[in-house]
Amino acid sequence: MRSIRVIILSFIVISILRTQSIAQEPTKEYTIKKGDTLWDISQRELKDSFLWPKLWRENPEIKNPDRIYPDRVLKIPVKTTVEKTRPEPAERVAVPPEEEKILEKVEVPEEAPKVPLSDKSRLASAGYIATGGIDKSEIIDSPDKKTLLGEMDIVYLTLSSDMKIGDRFTVLRIVKKVIHPKTGAFMGNLVKILGELIIIDINEKTATGKIIDSFDYITRGDRLESYAEIEIPYIPSDRISSPVGIKGYIVEVMDKKFSNAQMDIVYLDKGLTDGLNAGDRFKVVAVGNKATIPSTVREINLPDQIIGEVQILSIQENSCTALITKSVKDIKRGDVIQSF
């Protein structure tokens, strides 16, 4: 009798394990090489650098995503996006022959397909310059004292007076203060969008939230702002460059880089008040230096040089986030942007 029970229990355990293995996302192995980063590996293996948080979540033994070591083996997710199924063709309705001839003569212009400029994850990682205060709430801890938090984790928050159970918030991280490189004026805080959170409990001095979506790791000290859907920008069909006569500056860059090139993110001092839209493009100009003519010792200004192009991904009142789409020289904070 006991042996029968053992056999039955063994069968149940094997069935559960098989079910779990089937449910797991398929992966392949990658051996880390010297100089590798999750960003680079994600670009090579997943074809998108901004999917590195997915790679990190697949390998929980990595405690710090900035520190990975050669010869260790990573699991690489084989499927990184959900495939969209093509809708079934609509059933053809019978049309009388005389009406069909009329319909054949009517030419209906095809609507141009919308082409997205970016995806939700990339826009979140790019962030924006926030001019207002980000003081709705702050993450202060988690029940299990985790340092790095992600989707489905529970967090404790400072309590805001208007906070209610069921409220949704955007989780942000303040990266740095943005000071205009030419005027010295304070423009706001550069923030990064980390994820989305919902309030599940309210206490006397704190609130409890659940992270329902994450684009990057979340940790203590990260802030909450009123929830706003990330809008995917599309390449405009009626505008291919930007309004005439716009001149501004690259006021900040991502990740404290001194030199930036194609596919890097920069931030401009122009926005909605200047009549700009997502998708607008600008040339990046290196202003010509002064030079002295040897024979006359007279100073002249050398010509400006076009060193790249940028395209707006997201836009605020007086600033915007842009992607470097072309570069022939290093692009840096303080470079001039101009209309084509």
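Student: How many salt bridges does a search of the whole structure find?
Tutor: This is a predicted model, in which local features need pLDDT of at least 70 and side-chain atom pairs count only at pLDDT 80 or more, while totals for chains, interfaces and linings use all residues. Residues are numbered from 1 along each chain as its sequence is written, and side-chain values use heavy atoms, with hydrogens and water left out. A salt bridge here is a side-chain nitrogen of Lys or Arg within 4 Å of a carboxyl oxygen of Asp or Glu. The search of the whole structure gives 15.

Student: Which residue forms a salt bridge with Asp141?
Tutor: Side chains of opposite charge can pair when their charged atoms come close. For Asp141 the closest N and O atoms are 2.7 Å apart, and the partner is Lys145.

Student: Is Lys145 buried or exposed?
Tutor: Buried means under 20% relative accessible area, exposed means over 50%, and partly exposed lies in between (1.4 Å probe, protein chains only). Lys145 has a relative accessibility of 59%, so this residue counts as exposed.

Student: In the salt bridge of Lys146 and Asp153, is Asp153 buried or exposed?
Tutor: The side chains of Lys146 and Asp153 meet at 3.1 Å, N to O. Lys146 is partly exposed at 33% relative accessibility. Asp153 has a value of 14%, so Asp153 counts as buried.

Student: How many residues apart in sequence are the parts tied together by Glu252 and Arg333?
Tutor: Helices (H or I, at least four residues) and strands (E, at least two) are DSSP runs numbered from the N terminus. The side chains of Glu252 and Arg333 meet in a salt bridge of 3.9 Å, N to O. Glu252 is buried at 7% relative accessible area, whereas Arg333 is partly exposed at 38%. Glu252 lies in strand E10 and Arg333 in the loop between strand E16 (320–327) and E17, so the separation in sequence is 81 residues.

Student: Which residues do salt bridges that share partners join into one network?
Tutor: One of the members, Arg168, also lies over the face of Tyr227, at 4.1 Å from the ring centre. A charge sits over a ring if NZ of Lys or CZ of Arg is within 6 Å of the ring centre and within 35 degrees of the ring normal. The network joins Lys120, Arg168, Glu196 and Glu229.

Student: Which residue has its charged end over the ring of Tyr217?
Tutor: Tyr217 is partly exposed, with a relative accessible area of 24%. The charged end lies 4.5 Å from the ring centre and belongs to Arg173.

Student: Which residue forms an aromatic pair with Tyr217?
Tutor: Rings of Phe, Tyr and Trp (its six-membered ring) pair if their centres lie within 6.5 Å; planes under 30 degrees apart count as stacked, over 60 as edge-to-face and the rest as tilted. The structure holds 1 aromatic pair. The pair is edge-to-face, at 5.8 Å centre to centre with 90 degrees between the planes, and the partner of Tyr217 is Trp56.

Student: Which residue stands opposite Lys247 in E17?
Tutor: A closed barrel of 6 strands runs E10-E11-E16-E15-E12-E17, with antiparallel pairing. Two strands pair if DSSP finds at least two bridges between them. E10 (residues 247–253) and E17 (residues 336–338) pair over 3 bridges. Opposite Lys247 stands Gln338.

Student: What phi does Val297 take in the hairpin of E13 and E14?
Tutor: Most residues other than glycine have a negative phi. E13 and E14 pair in the antiparallel sense over 4 bridges, with 4 residues between the strands. Val297 is exposed at 65% relative accessibility. Its phi is positive, near 55 degrees.
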